[in-house]
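Please have the coordinates open while reading.

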Amino acid sequence: YCSICHGTDARGFVGFPNLTDTIWRWGGKPEEIQETITNGRQAIMTPWGEMLGEQRVRNVAAYIRQEFAKLPSQAPDADLNEGKNTFNTICIACHMADGKGNQLIGSGDLTQPAGWISGTSQDIVEQTVTHGRMGQMPAQ
């Protein structure tokens with residue numbers, strides 16, 4: 001049942017988590033994994049593009065990539081101070097001040113780019129902020 005989404009090697013695909021690492025969005029303790037398998041999970045990243053506009057999306061995406069994931073800049077025109085302000089106004093509610101996310105609601109750990117299931121490029125992060133993401137792990 002699991003290999004359809006997570007692959008026969010359990011390493012996942014774009015949009016589906018790797019089960020062989022230690023990055024567990026909803027918690028990696030045996031009872032947390034059992035809860036995920038038994039009850040499924042619904043993941044929602046709110047779309048912010050319409051509210052923020054293109055430049056603020058670029059700014060916050062660049063800030064997230066550089067500040068939390070320690071990835072090199074792919075947006076030389078981004079204003080990181082504005083990105084930090086946007087993060088501290090909006091994103092902090094789910095991803096927390098340290099960027100490590102909140103397992104109770106399944107928000108991603110921004111300090112672990114290997115766990116970013118949609119990708120880590122500036123374009124992908126901007127797309128995520130702009131359009132949001134939705135995912136569902138069906139109950140098994």
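The largest cavity has a volume of about 30 Å³. This comes from a predicted model. The count is one cavity of 30 Å³ or more.

**Cavity lining**
- Met45, Trp48, Leu52, Val60, Thr86, Ile90, Cys91 and Val129 line the largest cavity.
- By class, the lining has seven nonpolar residues, one polar and no charged.
- Helix 5 gives the largest share of that lining, with three residues.

**Helix 4 against helix 5**
- Helix 4 spans residues 54-68 and helix 5 spans residues 80-95.
- Their axes lie 7 Å apart, at an angle of about 90°.
- Angles of 65 to 115 degrees count as roughly perpendicular, so helix 4 and helix 5 are roughly perpendicular to each other.
- On the helix 4 side, the contact uses Arg56, Asn59, Val60, Ala62, Tyr63, Ile64, Gln66 and Phe68.
- Helix 5 meets them with Leu80, Glu82, Gly83, Lys84, Thr86, Phe87 and Cys91.
- The residues of this contact of helix 4 with helix 5 divide into eight nonpolar, four polar and three charged.

**Helix 4 against helix 6**
- Helix 6 covers residues 122-131.
- The axes of helix 4 and helix 6 come within 9 Å and cross at roughly 120°.
- Helix 4 and helix 6 are therefore oblique to each other.
- The crossing of helix 4 and helix 6 is right-handed.
- Helix 4 contributes Val57, Arg58, Val60, Ala61, Ala62 and Arg65 to the contact.
- Helix 6 contributes Gln122, Val125, Glu126, Val129 and Thr130.
- Six nonpolar, two polar and three charged residues make up the contact of helix 4 with helix 6.

Technical notes:
Residues numbered from 1 in each chain as written. Predicted model: local features only at pLDDT ≥ 70, side-chain atom pairs only at ≥ 80, totals over all residues. Heavy atoms only, no water. Axes fitted to C-alpha atoms, helices over the stretch in contact; angles between N-to-C directions. Helix = DSSP H or I, 4+ residues; strand = E, 2+ residues; numbered from the N terminus. Parallel < 35°, antiparallel > 145°, perpendicular 65-115°, else oblique. Contact = heavy atoms within 4.5 Å. Nonpolar A, V, L, I, M, F, W, Y, C, P; charged D, E, K, R; others polar. 1 Å grid on protein atoms, 1.4 Å probe; cavity = no way out; pocket = protein on both sides within 12 Å on 5 of 7 lines; lining within 4 Å. Points joined across faces, edges and corners; volume = space filled by probe spheres on them. Left-handed = near helix turned anticlockwise from the far one by under 90°.
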